[in-house]
Amino acid sequence: MIPRAFPPAPAWSPGGHRIKAELDCSRGPEKTWAYGGLRPAGGQALTTTAPSRNSVFHQQFLQQIEDANQHGEIWIVTDNLSSHNSLSTRTF
């Protein structure tokens, strides 16, 4: 290991470690959730925001995807969030 001969970047501590921000997981009114999709073949992206993560907003996003891709199959990859697999979303 060679000692550093230059000062650390502004976002780093004098000892050379990254300064960590305290985590804040509060759910205040300013919180916004983002949904996003990508068509790999053409590079077209579709994004939207919602005030919460629930089945209603997820289905609205799915409708936007369907409206933007009227021809051919649509493949959706999601995680295991309950709104992605709710009865109303599966019915949609």
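Visitor: Which residues form the largest nonpolar core?

Guide: In soluble globular proteins, nonpolar side chains tend to be buried together. A nonpolar core here is a set of buried Ala, Val, Leu, Ile, Met, Phe, Trp, Tyr and Cys residues joined through side-chain atoms within 4.5 Å. Buried means under 20% relative accessible area, exposed over 50%, and partly exposed in between (1.4 Å probe, protein chains only). In this predicted model, the largest such core has 5 residues: Tyr35, Ala50, Phe61, Leu62 and Ile65. Helix H1 (residues 55-68) supplies the largest share of this core, 3 residues.

Visitor: What limits apply to a model of this kind?

Guide: The model is predicted, so local features need pLDDT of at least 70, side-chain atom pairs count only at pLDDT 80 or more, and totals for chains, interfaces and linings use all residues. Residues are numbered from 1 along each chain as its sequence is written, and side-chain values use heavy atoms, with hydrogens and water left out.

Visitor: Which residues is Ile65 in contact with, leaving aside its neighbours within four places in sequence?

Guide: Contact means heavy atoms within 4.5 Å. With those neighbours set aside, Ile65 touches Leu46, Ile74 and Ile76 by this criterion.

Visitor: How many helices and strands does the chain have, and in what pattern?

Guide: Helices (H or I, at least four residues) and strands (E, at least two) are DSSP runs, numbered from the N terminus. The chain has 2 helices and 2 strands, in the sequence pattern β-β-α-α.

Visitor: How many bridges join strand S1 to strand S2?

Guide: Two strands pair if DSSP finds at least two bridges between them. Strands S1 (residues 33-39) and S2 (residues 44-50) run antiparallel and are joined by 7 bridges. Gly36 stands opposite Thr47 in S2, and Gly37 stands opposite Leu46 in S2. The hairpin of S1 and S2 has 4 residues between the strands, and Gly43 takes a positive phi near 80° there.

Visitor: Is Arg90 buried or exposed?

Guide: Arg90 is exposed, because its relative accessible area is 57%. Arg90 lies in helix H2 (residues 87-91). Its side chain reaches the backbone oxygen of Asn85 at 3.0 Å. The C-alpha atoms of Arg90 and Ser55 are separated by 9.9 Å, with the two residues 35 apart along the chain.

Visitor: What share of the chain is made up of buried residues?

Guide: Buried residues make up 15% of the 92 residues. Among contacts between residues at least 6 apart in sequence, 31% join residues at least 24 apart.

Definitions and conventions
A polar contact is a pair of N or O atoms within 3.5 Å; within protein, one must be able to donate a hydrogen and the other to accept it, and residues adjacent in sequence count only if both atoms are side-chain atoms.
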